[in-house]
Amino acid sequence: MDLQGKVAVVTGSGRGLGLAYAQTLAAAGAAVVVNDVDRAAVDSAVEAIRARGGRAAGAVAAVGDSEAAQRLVDTAVEEFGRLDVLVTNAGILRDRVLWKMTDDDFDAVVRVHLRGTFTCARAAAVRMREQGTGGRLILISSPAGQRGNFGQTNYAAAKAGIVAMARTWALELGRAGISVNAVVPVAATEMTKTIPAFEPVIEESERTGAPLPDWLRKDEGLGTVEDVAGLIAFLASDDSKDVTGQAIGIGGDRLALWAHPKEKAVAFADGGWSADTIAAEWSAGVGAEPETYGIPAPTTPEA
Ligand SMILES: NC(=O)c1ccc[n+]([C@@H]2O[C@H](COP(=O)([O-])OP(=O)(O)OC[C@H]3O[C@@H](n4cnc5c(N)ncnc54)[C@H](O)[C@@H]3O)[C@@H](O)[C@H]2O)c1
């Protein structure tokens with residue numbers, strides 16, 4: 001994939017998936033602005049990219065507010081002259097069940113993921129529209145946002161909102177040649193290591209250097225951060241110019257297109273519905289095959 005001449009900003013790219021995205025985009029020829037709250041991580045990511053002959057600049061900022069978003073766009077323009085690609089990847093978790101989740105838990109997660117995606121995308125869209133040569137907004141979502149997940153009120157809400165924004169901005173920015181897609185990744189990182197079903201397998205793979213087992217890579221779609229990065233490079237490239245408004249899953253050996261929500265069963269009542277007519281209709285009619293919800297629990301193979 002040739003990304004020569006393109007300039008990308010990747011938020012939260014000091015470690016984990018974001019670092020893999022920044023490295024992969026740079027290896028394909030893009031100049032990359034590495035952003036994170038962690039200065040040491042930004043410096044070492046920039047150094048690593050430059051050491052391999054890539055072009056990178058650092059921007060230490062806490063994504064969430066408009067000033068941070070503008071700083072990232074300004075860094076791209078000042079260092080490399082333009083902005084073509086934005087990957088909104090920065091993220092945190094504050095998991096708690098609903099009845100224990102505090103206002104701070106909720107606001108902190110929504111601020112980084114949802115508000116951070118909004119403020120960064122807005123600043124990037126303004127710049128890309130001024131340039132007049134199109135662009136790419138790649139918004140990082142999560143299976144939790146698609147299906148709901150125990151203990152993740154704040155995160156699921158933010159990640160679902162991100163997919164909704166991708167669809168909305170695909171409509172609004174299409175005429176400017178700016179594509180907008182949501183990516184639904186799964187990978188072994190500090191974030192996913194804590195999932196009890198995955199923890200021992202990931203640890204063993206890290207200790208021995210052995211690849212993650214097939215059931216994890218295929219059934220759970222869980223692999224390395226590098227497994228996800230190819231999709232980011234594709235979406236950043238000219239090859240994906242007609243791909244927009246999509247939610248695309250990737251992880252391990254899996255690549256998937258997520259369905260958009262749509263009406264699954266419909267019934268009509270002349271003059272409208274009452275509680276009683278809905279009750280009579282529900283179990284054998286519109287509600288006969290209710291949707292599942294929640295991320296299915298991993299099924300580990302029999303020992
Ligand atoms: N790991 C997975 O399987 C998985 C699955 C679904 C979605 N995601 C999403 O992918 C993204 C990256 O996840 P990861 O697993 O690499 O996590 P990670 O915790 O390893 O990395 C997140 C990075 O974001 C940085 N960050 C946090 N708040 C920031 C802020 N306000 N501004 C700038 N940087 C900030 C952190 O310092 C860190 O370097 C997140 O948006 C996450 O929700 C990950």
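Tutor: Helices and strands here are DSSP runs, a helix having at least four residues and a strand at least two, numbered from the N terminus. Keep in mind that this is a predicted model.

Student: What places Val 266 in a loop?

Tutor: Val 266 lies between β8 (254-257) and α10 (275-282), in the loop that links them.

Student: Why is Val 266 called partly exposed?

Tutor: Its relative accessible area is 47%. Buried means under 20% and exposed means over 50%, so a value in between is called partly exposed. Val 266 therefore gets that label.

Student: What makes strand β2 largely enclosed?

Tutor: Strand β2 covers residues 31-36, and six of the six are buried, so the rest of the structure largely encloses this strand.

Student: Which residues of β2 point one way and which the other?

Tutor: Ala 31, Val 33 and Asn 35 point one way, while Val 32, Val 34 and Asp 36 point the other way, and all are buried. In a regular strand, side chains alternate between the two faces of the sheet.

Student: How do you know that β1 and β2 pair?

Tutor: Two strands pair if there are at least two bridges between them. Strand β1 (residues 7-10) is joined to β2 by four bridges, so the pair qualifies. The two strands run parallel, and Val 7 stands opposite Ala 31 in β2.

Student: What is on record for β2 and β3 in the way of bridges?

Tutor: Six bridges join β2 to strand β3 (residues 55-60), and these strands also run parallel. Here Val 33 stands opposite Ala 57 in β3.

Student: Which elements make the β-α-β unit with β1?

Tutor: They are β1, helix α1 (residues 16-27) and β2, and the unit is right-handed. The term applies because, with the strands pointing away from the viewer, the path over the helix runs clockwise.

Student: How many cavities of 30 Å³ or more are there?

Tutor: The count is one. The largest cavity holds about 30 Å³ of space.

Student: What lines the largest cavity?

Tutor: The lining includes Thr 11, Val 63, Asn 89 and His 113. Helix α4 (residues 103-131) gives the most, with four residues. By type, the lining has three nonpolar, six polar and no charged residues.

Notes
Residues numbered from 1 in each chain as written. Predicted model: local features only at pLDDT ≥ 70, side-chain atom pairs only at ≥ 80, totals over all residues. Heavy atoms only, no water. Buried < 20%, exposed > 50% of the residue type's maximum accessible area, 1.4 Å probe, protein only. 1 Å grid on protein atoms, 1.4 Å probe; cavity = no way out; pocket = protein on both sides within 12 Å on 5 of 7 lines; lining within 4 Å. Points joined across faces, edges and corners; volume = space filled by probe spheres on them. Nonpolar A, V, L, I, M, F, W, Y, C, P; charged D, E, K, R; others polar.
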